[in-house]
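Look at the sequence and the structure below.

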Amino acid sequence: MSSSNFLVLLKAFSESLKRAFKEDNIELLKAEYDAARASDNDKKTALHQAFRDMLLTKTEDIPAIERFISFAVTSCRKDMTVATMPVVLLGDIFDAVTLDRAEKIFTYVENNVAIWKEEFFFTACKHNLLRMCNDLLRRLSRSQNTVFCGRILLFLAKFFPFSERSGLNIISEFNLENITEYGMEGNEMTLEQLSAGSEVEDDAGTEDEKLKIDYNLYCKFWALQDFFRNPNQCYNKVQWKTFATHAGSAPEGSTATDDRMEEDQIRESGHFFAKFLTNPKLLSLQLSDSNFRRSVLVQFLILFQYLNSTVKFKAETHILSQAQSDWLKETETVVYRLIEESPPNGKKFATTVRHMLTREELWNSWKNEGCKEFKRPEAVLEEGSLTTATTSAGSGAAPAATASSGRPPAKRPRRPLGDLIRDATKQGKFYMGNQEITRLWNLCPDNLQACKGTDRNFLPSLETYLENPKEKQDPSFEWRALRLLARQSPHFFTLFNTPSYKVSDYLESVRKKIQKDKLDIKLENAIKEETAPASTEQTEAEGEGLVGDEEHEQMETELLKTEQLTPEDKNTHKTLAVSKEQLAELAPSIGKDWKKLATKLGYSADEIQYFESENATVVDQCCHLLTLWFDDDMDASLDNLAYILEGLEMMPAADAVKQMIALLSDKAEDVSE
């Protein structure tokens, strides 16, 4: 489609789109679309751009944006645009508005999840929707926009099926980037802050209400977050001792704190999800907060469950000893007791946590089994209806019983796939699972032989192609002619006479040379026929009907002989043959550096070790390497060996190879003379 035609369509569709959207009448746009004289692909492209241009003029009016997206959905159902256009428009508008407006517009996306899950939109839009949501999440702050991030994740959970693997942590990876920083450095400053905090508490309350927070407890408490971040550290014996020591101190700190507020005084406002604040002055206040204590204790329970669970992608060495398992059970009991003692509704909260962890075990088992797709279980028939169906079947009324009981008709059992393949193999055929594909595969018993058939040869003859005047108008004629020349004639390898020799002139000279060669061959054949004895003439007379074919084959054979080339055209380079004795002479010059050469030649460490084990001395090892390389590698030659040795800066060895090349070349010239 030309740019002028596209602009004309874009202008016409933009005007009709404004009128149709203003009157909320999709038929006006449909009439303009049908009246346009262009292909469907061109019209859809122009209308798609018209929708995107018009949307960017409505960034301030959120209700208008929602109505416009719904209007685009209707146009998709009328087959005027592609199915991905509504999601593309949403992506454009999210990129063009602020986060506050984006959060309001996202409500429209959530409310219309049923539309996006329709078969017409789901297959085409699922990747675009996922990309749009990921782009939004990258713009958001997980501490400042926590609710919006959660809404996006919940929408993705509703939109994609459970078995969608892209939304699952299948191999049980941990977010190792979630590092909790605290005051490990500057111990004096931290101690001063802790002491200052305790002085404030001395002034604020009595001795019974004081919380004894020292630097040791502070470090142990926040060091536990590293184990929560990466639980696999607990399988290391040294790390396990550290974790057990720190974990024993943390519950003691939680037990030592007394709630400073009554249960009815605890704030019931919404929670603020932020990173942990690790200032030493705040630790006593944090341990006094029941919500904070609950979050840390639940972290313990999640970690304990992972250590005791069977996870498919765990390493084989990640196994707890009996003593470690007993310690986990005892500590888990203590943690649940502390949760029950934390107001408000401690026992109810502990019961809820137990229930959620039990459900998590079910999800873990589902992931271990390969994330199978969920299917609705078949309806279980009641005993009464089953008895009625059995009795009716005995009296010859099986269909009626089936219909009255609500049982679906029995499906015809399918033959196992292995039996179908076995039967087809016995008949010398293929079974591909699909009727049409099976038919195509069985058209010819040997598929490779079918590819070599004469009907698969679509190349024209060189002479015909060069003499065809129509083909010469094609811009790629010269390229195609050279390709044919390389395949069908040795004249391709002749050199141009001058650097300014044009390809067209070269092809014309080749065509004339081919014609001249054919005339020479015909002349030679005519002379041979005249000088042949009478008996030969009689034999040729009997097979007169085959003269044309034999003459054609003879001409093609003569044309392919390289003796017709000039001495300038022939390749005079010869590869020098090397014997094992000569390689043995080169081996001492390489010496101990043969391993470096072996690595450069592409041999692995195991193969180098094999050379060492099979040969006692360094010279034998090097000789074995060179012999194997010359036998196996098509590019192996003395020239390449000298080039490689120079690159490795093994100059004495390279000089030895060059001397052998000169010696072998002199011998070859003497033999040829």
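This is a predicted model: local features need pLDDT of at least 70, side-chain atom pairs count only at pLDDT 80 or more; totals for chains, interfaces and linings use all residues.

The buried residues of helix 9 are F148, C149, R151, I152, F155, L156 and F159. They lie on the same side of helix 9, because the arc they cover around the axis is only 160°. What covers these buried residues includes helix 6 (99-111), helix 7 (113-116) and helix 8 (119-139).

Helix 9 runs over residues 146-159, which makes 14 residues. At 1.5 Å a residue it should span 20 Å, and its end C-alpha atoms are 20 Å apart, so the two values agree.

Several of the residues named so far carry aromatic rings. A pair of aromatic rings is described by the distance of the centres and the angle of the planes. How many aromatic pairs does a search of the whole structure find? The search finds 36. In one of them, the rings of F155 and F159 have their centres 6.0 Å apart and their planes at 10°. Planes under 30 degrees apart count as stacked, so the pair of F155 and F159 is stacked. F155 and F159 are four residues apart in helix 9, and therefore about one helical turn separates them.

Are these two residues buried or exposed? Buried means under 20% relative accessible area. F155 has a relative accessible area of 2%, so it is buried. F159 is buried too, with a value of 1%. F159 also pairs with F160: their ring centres are 4.9 Å apart and their planes are at 75°, so this pair is edge-to-face. F160 has a relative accessible area of 12% and is therefore buried. Ring pairs join F155, F159 and F160 with F94, F106, F122 and F148 into a cluster.

Rings also take part in another arrangement, in which a charged residue sits over the face of a ring. K314 lies over the face of Y306, at 4.5 Å from the ring centre. R354 lies over the face of Y336, at 3.8 Å from the ring centre.

Two loops have backbone details to look at. The loop between helix 15 (322-341) and helix 16 (346-368) contains P344. A cis peptide bond joins P343 and P344, with omega at about -5°. N345 is found in the loop between helix 15 and helix 16 as well. Its phi is near 55°, a positive value in a residue other than glycine. Where is D79? D79 lies in the loop between helix 4 (62-77) and helix 5 (85-96). Phi of D79 is near 60°, again positive in a residue other than glycine. At 48% relative accessibility, D79 counts as partly exposed.

Last comes the protein as a whole. Its secondary structure comes to 32 helices and zero strands. The protein has 673 residues, and buried residues make up 32% of them. Among contacts between residues at least 6 apart in sequence, 66% join residues at least 24 apart. The protein exposes about 44600 Å², and carbon and sulfur atoms supply 53% of that area.

Methods:
Residues are numbered from 1 along each chain as its sequence is written. Side-chain values use heavy atoms; hydrogens and water are left out. The expected span of a helix is 1.5 Å times one less than its number of residues. Buried means under 20% relative accessible area, exposed over 50%, partly exposed in between (1.4 Å probe, protein chains only). The arc is that of the directions from the helix axis to the C-beta atoms. Contact means heavy atoms within 4.5 Å. Rings of Phe, Tyr and Trp (its six-membered ring) pair if their centres lie within 6.5 Å; planes under 30 degrees apart count as stacked, over 60 as edge-to-face and the rest as tilted. A charge sits over a ring if NZ of Lys or CZ of Arg is within 6 Å of the ring centre and within 35 degrees of the ring normal. Accessible areas come from the Shrake-Rupley method with a 1.4 Å probe; for residues, only the protein chains shown count as cover.
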